[in-house]
Amino acid sequence: MIRPKLSLRRPFSVAAAGLAGLATAFAVVTPATATPTPTPSASATGSSAPSCVSAEDARYTHTFDGPKGEASIALTNGPLCAGEEQEFALVSYIAPSATFAVPQYAFDTSVKKLTGVADGEVGAVTRLEFAVEVPACFTQVDFVFGSKIIDPITEKGDRYGDRKVGSSTGIGARSKGDRAFFGNRSDDAWYNGGAGTCVQAPAVEAKSDCDGGVELVLTNRGNVPATFTLRGSGSFEEKVTVAAGGNVTKKLTAEQGKEITAEARGMQTWKGAWEKPADCQEPEVGEPETSYDSTCEELTLQVANPENGISLTSTFTPSVGEPKTVTFAPGTTKKITFPAAEGLTVVVTGDLASEKPITWTAPKGGCGDGGTGGGDQEGGLPVTGAAAGGIAAGAAALLALGAVLFVVARRRRIRFTA
């Protein structure tokens with residue numbers, strides 16, 4: 001029997017097929033997560049950078065020229081988001097030295113801020129420019145984050161610290177100097193310098209007028225402006241700045257001038273009030289004109305008080321009948337009448353007084369036929385005794401109070417009684 005020769009090719013083929021089958025089975029039962037497939041990141045999707053920043057994340061560049069009192073700041077990664085804001089301040093000081101020394105007093109300030117915008121809103125401001133006046137003497141100029149101004153700067157008082165723009169730490173480090181502006185110089189945004197001592201020499205002179213007003217002459221003989229704070233009666237208050245070597249005149253009314261104070265750095269508080277000038281003309285007090293008249297029906301007494309008179313009150317007491325008390329205001333004319341009767345007399349007392357009783361007399365021709373007489377009888381109503389004293393007392397009171405009160409009294413028709 002002839003046996004064919006065995007070949008190894010078939011067993012290898014079978015074994016290969018079996019291994020392939022095992023591999024397929026293993027692939028089916030093994031979890032697919034064993035070899036995860038990478039997913040794209042947010043940056044791989046091509047998402048854009050934020051369209052706005054918070055105030056805390058905002059970054060800036062700045063310029064600063066202390067001697068000129070000029071500065072600017074620009075947001076480099078903004079604008080700020082809606083509801084966000086950042087304030088800045090540039091302030092110059094009057095200082096006692098060209099290097100840091102205290103005390104220092106604020107001379108001029110400029111405060112501005114950047115504000116956020118809503119998504120899609122246009123016109124966002126990302127740059128601010130500042131300018132302040134610098135005194136022509138020793139000074140310090142600071143550019144700072146925030147709006148709080150330290151005034152004055154004293155030995156144990158607050159300092160700006162890292163609020164200063166361009167600081168190496170803190171909030172001030174959020175801004176770097178604009179290299180095109182600073183070049184190789186330090187980008188610090190603070191300055192000490194100037195030449196000469198700053199002098200404020202304020203002074204106050206007062207002059208009263210005859211109407212109750214007060215004229216204040218505010219003078220500054222120093223080399224820097226001086227600011228006066230004026231306060232007067234009636235809740236009056238005003239600040240007045242006077243340039244170096246200049247003066248300003250301020251007029252206060254009679255209502256404001258009753259009590260006055262003026263304050264300014266470099267002088268003690270000035271206090272004053274209206275004082276009557278010696279050359280004021282005294283007011284003229286008019287005297288009343290009086291007369292009386294008898295007719296067959298009545299006795300009539302008339303008093304005409306002039307506009308520049310004083311209020312007068314007198315009592316007219318007849319020999320028959322009830323007395324009458326009458327007040328005569330300035331600028332008025334009044335008549336007081338009593339029924340005619342034989343033997344009728346009237347006595348006047350008070351501010352106006354009669355030297356003797358005023359007697360009714362029948363008119364010429366008599367009254368038997370019903371006719372009436374007329375015309376003024378002898379003389380007018382005498383103004384003596386208490387009457388003269390009343391007028392004199394009233395006039396004295398007016399003179400003591402001054403022309404202003406007299407004018408006011410006439411306007412308000414205030415009665416002056418003896």
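Predicted model: local features only at pLDDT ≥ 70, side-chain atom pairs only at ≥ 80, totals over all residues.
Counting cysteine sulfur pairs within 2.5 Å, the total comes to four disulfides. Number the bonded cysteines along the chain and the pairing reads 1-2, 3-4, 5-6, 7-8.

| Disulfide | S to S distance | S-S torsion | Handedness |
|---|---|---|---|
| C210 and C280 | 1.8 Å | -105° | left-handed |
| C296 and C367 | 1.9 Å | about -85° | left-handed |

**C52 and C81**

How accessible are the two ends? C52 has a relative accessible area of 18%, so it counts as buried. C81 comes out at 17%, and it is buried too.

**C210 and C280**

Next up are C210 and C280, with sulfur atoms 1.8 Å apart. Their link has -105° about the S-S bond and is left-handed. Here too, distant parts of the chain get linked, 70 residues apart: C210 is in the loop between β9 (202-208) and β10 (214-220), and C280 is in the loop between β15 (270-272) and β16 (289-294). Is C280 buried or exposed? At 10% relative accessibility, C280 counts as buried. C210, on the other hand, is partly exposed, with a relative accessible area of 28%.

**C296 and C367**

That leaves C296 and C367, a disulfide with an S to S distance of 1.9 Å. The torsion is about -85°, so this one is left-handed. Which parts of the chain does the pair tie together? C296 lies in the loop between β16 and β17 (298-305) and C367 in the loop between β22 (358-359) and α3 (386-412), so the link bridges parts that are 71 residues apart in sequence. On the accessibility side, C296 is buried at 18%. C367 has a relative accessible area of 27%, which puts it in the partly exposed class.

Notes
Residues numbered from 1 in each chain as written. Heavy atoms only, no water. Buried < 20%, exposed > 50% of the residue type's maximum accessible area, 1.4 Å probe, protein only. Helix = DSSP H or I, 4+ residues; strand = E, 2+ residues; numbered from the N terminus.
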